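Welcome! Let us walk through this structure together, one piece at a time. Have the sequence and the 3D view ready.

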Amino acid sequence: MVNNNEFDLRFKVNLQGIIELLSNHLYSSPKVYIRELLQNAVDAVTARRKNDSGFYGSISIELFEPSEKNPGTLVVEDNGIGLTEEEVHQFLAVIGQSSKREEFFQRRNDFIGQFGIGLLSCFIVCDEIIVITKSEKSPYAVEWVGKYDGTYRVRKLDNDVSVGTKIYLRCRPGSEEYFQAPTLKDLFIHYGCFLPYPIYFSDGKSKILINNEKPFDFSRDGILKGDREAILEYGKKVFDEDFIDYIPLFSKTGDVSGIAYIISYKMNPSSKRRHRVYLKNMFLSDSVENLLPDWAFFLKCVVNCNDLEPTASREQLCDDKKLSQVQAELGDCIRSYLVEKARFDIFRLREIIKIHTLAIKALSLEFDELYKLFIDWLPFETSLGILTFGEIKKRTDIIQYTPSIDEFRQIQKISAAKSICILNCGYIYDTEIIEKLPEIFHDIRIERISPTDMSASFEELDFEEREKAFEFIKTAEVVLQPFNCSVQIKKFEPTDIPALFMIDEEANLIRNIENTKEVSNFLFSSILGQISDNISTSSKAQLCFNYNNPLITRLIGTDSKELVCMSVEIIYIQSLLMGHYPLNPREMKLLNSSLLNLIDYKL
Amino acid sequence: MDGKLEKLLSEIDLMPDGKAKLLMLEEAARIADSQNDLKAGFDIREEIVHQGVFYGHHLNAIIAFSWRLAQCEKNPHLFDISDLLWEYKWIVEEIYKFPDVPSEKIEQLFEDMKDKYNREGASLRPYYCIKCKYLYSSGFKERAEELYFKWINSPRDGYSDCRACDIDNQVLYLLYIKDYEKAFEMAQPILSGRLKCAEIPHLTYAELLLPSLETGRLNDAQIFHEKGYKLIYKNKDFLESMSKHLLYLTVVDVNKAVNIFEKHFQWAFETHTIFFKFEFYLASWVMFTKIKKLGKEQLKIHLQKDCNIIEKYKLNTIDDIIAWFEKETTDMANKFNLRNGNDHFNGVIQERLKLVGFQL
């Protein structure tokens with residue numbers, strides 16, 4: 001057919017294809033058709049109540065389970081506003097025409113539905129949908145029958161039907177699992193337990209009210225005056241775990257309210273958040289991730305929002321400006337809860353800090369007011385064991401810390417021996433927290449300590465001792481020079497340590513490059529060499545011998561240079577091993593040869 | 001085996017990304033090595049490469065990668081080289097930022113990368129892209145142009161950068177050849193939020209700051225600054241972007257620029273990646289020159305103890321500070337020029353210094 005530039009041809013859309021697309025790619029599970037059914041019914045009742053606010057709306061669901069004779073049928077009935085014949089053509093058979101629907105529902109914000117595709121999603125589980133509906137505005141009822149192959153028919157009904165809509169879904173062979181009473185009952189409760197109109201579910205044997213069993217509603221009073229035990233119990237039911245406590249959440253933006261539960265075990269800050277979110281009281285998703293600020297990874301919540309946009313799949317919230325504002329407001333709720341605990345319930349706060357140390361540290365860094373409140377209760381690893389900052393402050397005037405666990409380990413023993421309190425800030429946030437101290441409290445002084453600083457504070461040898469140790473040190477320098485390690489001798493506690501191997505971050509990096517160069521291929525080995533040649537080599541590893549150690553004293557006294565060489569080699573290797581520094585091939589060789597030489601010497 | 005490694009790894013597992021995690025991972029790698037546990041050493045170093053590349057410890061990443069590559073080549077029955085191709089492109093991109101690595105080594109590195117991609121049947125798109133970046137950032141305009149077309153005409157595959165990064169890289173090239181209008185157009189899907197990833201739009205905002213000023217898009221520039229700074233101020237991997245924010249503020253609000261300088265100078269001071277250090281030092285040089293031009297002779301600058309150049313080198317006046325940055329920056333530029341056999345970096349310096357007289 002030739003068409004003369006007139007745009008009067010229309011695309012033809014294959015309904016089956018669309019449904020498959022929806023069920024396979026947009027929705028996470030076929031169960032969403034339950035949500036669409038409930039949504040249509042609730043919207044219809046809401047629309048009728050617009051004209052008559054005293055109207056008592058209700059929804060009832062009846063299930064005829066599949067049997068050998070009968071394929072199984074689900075009937076959903078509401079006494080809402082109903083559709084006229086014209087509306088039936090518009091809403092039930094046109095896909096994606098949401099604007100008409102908006103006009104129809106006047107103010108779209110009062111309604112849950114948005115995409116105008118709702119009912120058709122039922123084709124995921126059935127081949128035929130029958131809708132019988134009577135509008136307030138129409139003198140007669142209409143029957144619409146739609147089929148999965150994309151065809152439908154509409155006819156007027158003569159018999160008397162009351163205002164409202166009744167939808168019949170006949171189970172498709174193979175979809176029986178979605179028509180079983182226990183499954184369906186749970187699904188309706190899952191999606192609809194917070195919905196505002198009574199919803200009855202009957203399977204022919206019993207009839208229940210599905211929105212009867214909620215422990216609270218999402219109103220401000222409902223949450224604040226709710227029974228504590230019942231709210232905790234509800235959290236346990238929803239997430240299948242115990243919680244320490246809960247925090248009421250409200251945000252004016254987005255009209256959000258709900259409950260944040262405090263998790264009872266340590267959480268990974270980068271783990272996926274999974275919050276349960278209701279949208280206008282209809283279940284939206286169990287895995288909303290972007291509801292709370294990043295630092296709130298120690299919470300799981302159940303919230304309802306009346307004024308936020310869902311994504312097209314209706315299973316996440318749109319990540320827009322409004323949502324960031326909601327995040328901030330919910331963050332405020334969490335902060336005021338913590339502030340209140342710091343003032344009036346220090347026991348609970350300590351319990352939270354003990355489990356969620358990381359989260360609380362992250363928060364303290366973010367907000368100065370919390371920093372001041374929490375700092376005394378935050379635990380740190382120190383050379384004297386785990387202490388809270390409050391305890392540390394009592395023991396020392398200047399807060400001394402190392403920025404890495406490697407450096408901490410090097411000086412841990414000696415500082416403990418001298419009862420000096422040094423903080424290990426190698427763990428996450430600790431360095432930042434300590435370095436923030438002078439900014440917040442002007443009277444606190446902090447000092448970053450490196451192993452080399454520590455050795456600078458050791459007692460020096462006097463002239464006579466220096467004289468005695470001279471030869472020993474000269475020999476040791478020659479032995480260790482090829483290993484890029486310098487040598488010192490001082491006096492320090494504890495005396496049972498013969499020598500201390502010290503390496504700071506920069507020297508460690510160079511050692512790392514040297515070791516890697518030895519295993520790398522030619523290209524990378526030369527590249528690493530060129531890079532490391534130009535890193536300032538002022539920092540070297542250091543072996544500091546302990547003049548107070550009896551073994552060292554004896555070595556200094558010996559005449560055998562050979563023995564001194566072998567011993568220095570062994571002490572060097574031993575200090576490397578003690579500090580978990582893997583030996584490079586040259587050091588491995590040294591270990592072997594010096595051990596054998598030593599045995600040889602003894603024999 | 002005493003379970004020490006397992007315990008440490010489970011601790012690391014709980015840690016958020018960043019330097020503390022990197023240092024712990026290196027500790028874990030040392031333990032794995034002392035236990036001769038190749039497999040663990042290999043896996044731990046994969047994480048070191050990630051932490052290093054994305055949190056600003058590039059040298060640590062290069063070291064860990066060299067080790068992984070060596071183990072792959074030595075033990076092909078244990079490790080699969082295809083696992084390294086993705087990292088390889090990051091590493092090459094880090095290495096040419098060290099001027100001490102001579103040109104012929106960089107060419108060899110690119111050849112090796114190309115060879116490995118070819119052997120795995122992978123598209124050369126990442127190879128062309130990174131080589132193009134290397135060439136134009138070293139002043140080889142014509143060779144860069146040739147590779148640009150090869151790059152955008154190569155097919156995408158599993159080793160290609162994500163769409164957002166890919167577009168951002170093209171924006172960068174267009175900015176380099178000063179085709180600003182096309183660059184802004186190209187950046188639209190990123191600026192509208194349609195394309196994003198862990199590093200985009202963070203980088204894009206910074207790249208567009210100065211071009212926005214030059215083309216009179218003052219409101220856009222301010223928005224890019226405000227949004228962009230929030231995304232990058234906690235992660236020193238964005239040091240290069242930070243230099244651009246510093247330059248932008250030098251032009252529009254030099255007081256704020258000083259504040260940013262004080263907060264982030266430590267990143268530049270500590271980094272081993274000379275190219276990034278050069279960018280930030282150059283921006284600082286421009287900033288202090290502007291301050292001088294505004295009539296200031298002295299200024300109190302607060303720097304962290306470890307990087308307090310003011311105290312260490314007794315830089316008492318603005319002139320002293322300018323002289324120090326000038327020396328440091330030109331030294332680095334000379335190294336790059338020497339390697340590249342041209343004077344491209346002098347041009348970069350001259351162009352940046354023009355910002356001192358930029359009139360809004």
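Where is Asp255(A) found? Asp255(A) lies in the loop between β9 (243-251) and β10 (256-263) of chain A. Before going further, a word on the ground rules: this is a predicted model, in which local features need pLDDT of at least 70 and side-chain atom pairs count only at pLDDT 80 or more, while totals for chains, interfaces and linings use all residues. Residues are numbered from 1 along each chain as its sequence is written, chains are lettered from A and ligands numbered from 1 in the order in which they are written, and side-chain values use heavy atoms, leaving out hydrogens and water.

Most residues other than glycine have a negative phi, and most peptide bonds are trans. Asp255(A) has a positive phi, near 50°, and is a residue other than glycine. Asp255(A) is partly exposed, with a relative accessible area of 40%; on this scale buried means under 20% relative accessible area, exposed over 50%, and partly exposed in between, using a 1.4 Å probe and protein chains only. Asn484(A) also deserves a look: its phi is positive, about 60°, although Asn484(A) is not a glycine. You will find Asn484(A) in the loop between α16 (463-480) and β19 of chain A, and it is partly exposed at a relative accessible area of 37%.

Now for the peptide bonds. Glu493(A) and Pro494(A) are joined by a cis peptide bond with an omega of about -10°, and Pro494(A) sits in the loop between β19 (485-490) and β20 (499-502) of chain A. In chain B, a cis peptide bond joins Ile200(B) to Pro201(B), with omega about 15°. Pro201(B) belongs to the loop between α10 (180-191) and α11 (202-214) of chain B.

Is Thr431(A) buried or exposed? Thr431(A) is buried, with a relative accessible area of 13%. This residue is part of helix α14 (residues 430-440) of chain A. Leaving aside residues up to four places away in sequence, Thr431(A) touches Tyr401(A), Pro403(A), Cys425(A) and Arg448(A), where contact means heavy atoms within 4.5 Å. Leu209(A), in strand β8 (residues 207-209) of chain A, counts as partly exposed at 30% relative accessibility. With the residues up to four places away in sequence again not counted, Leu209(A) touches Pro198(A), Ile199(A) and Tyr200(A).

Let us turn to helix packing in chain B. Two packed helices are described by the angle between their axes and the distance between the axes. Helix α2 (residues 19-34) and helix α3 (residues 38-54) of chain B have axes that come within 9 Å and cross at roughly 160°. The axes are lines fitted to C-alpha atoms, for helices over the stretch in contact, and the angles run from 0 to 180 degrees between N-to-C directions. α2(B) and α3(B) are therefore roughly antiparallel to each other; angles under 35 degrees count as roughly parallel, over 145 as roughly antiparallel, 65 to 115 as roughly perpendicular and the rest as oblique. The residues of the contact of α2(B) with α3(B) divide into eight nonpolar, three polar and five charged. Here Ala, Val, Leu, Ile, Met, Phe, Trp, Tyr, Cys and Pro count as nonpolar, Asp, Glu, Lys and Arg as charged, and the others, Gly among them, as polar.

Further along, α3(B) packs against helix α4 (residues 58-74) of chain B at an angle of about 150°, with the axes 8 Å apart. By class, this contact of α3(B) with α4(B) has 10 nonpolar, five polar and four charged residues.

Finally, how many residues of chain B are in contact with chain A? There are 46 residues of chain B, in contact with 40 residues of chain A. The area buried between chain B and chain A is about 3,700 Å², with carbon and sulfur atoms giving 63% of it; buried area is the accessible area (1.4 Å probe) that two parts lose on being put together, summed over both. Leu14(B), Arg30(B) and Ile63(B) supply 18% of the area that chain B buries against chain A, more than any other three residues.

Technical notes
Helices (H or I, at least four residues) and strands (E, at least two) are DSSP runs, numbered from the N terminus.
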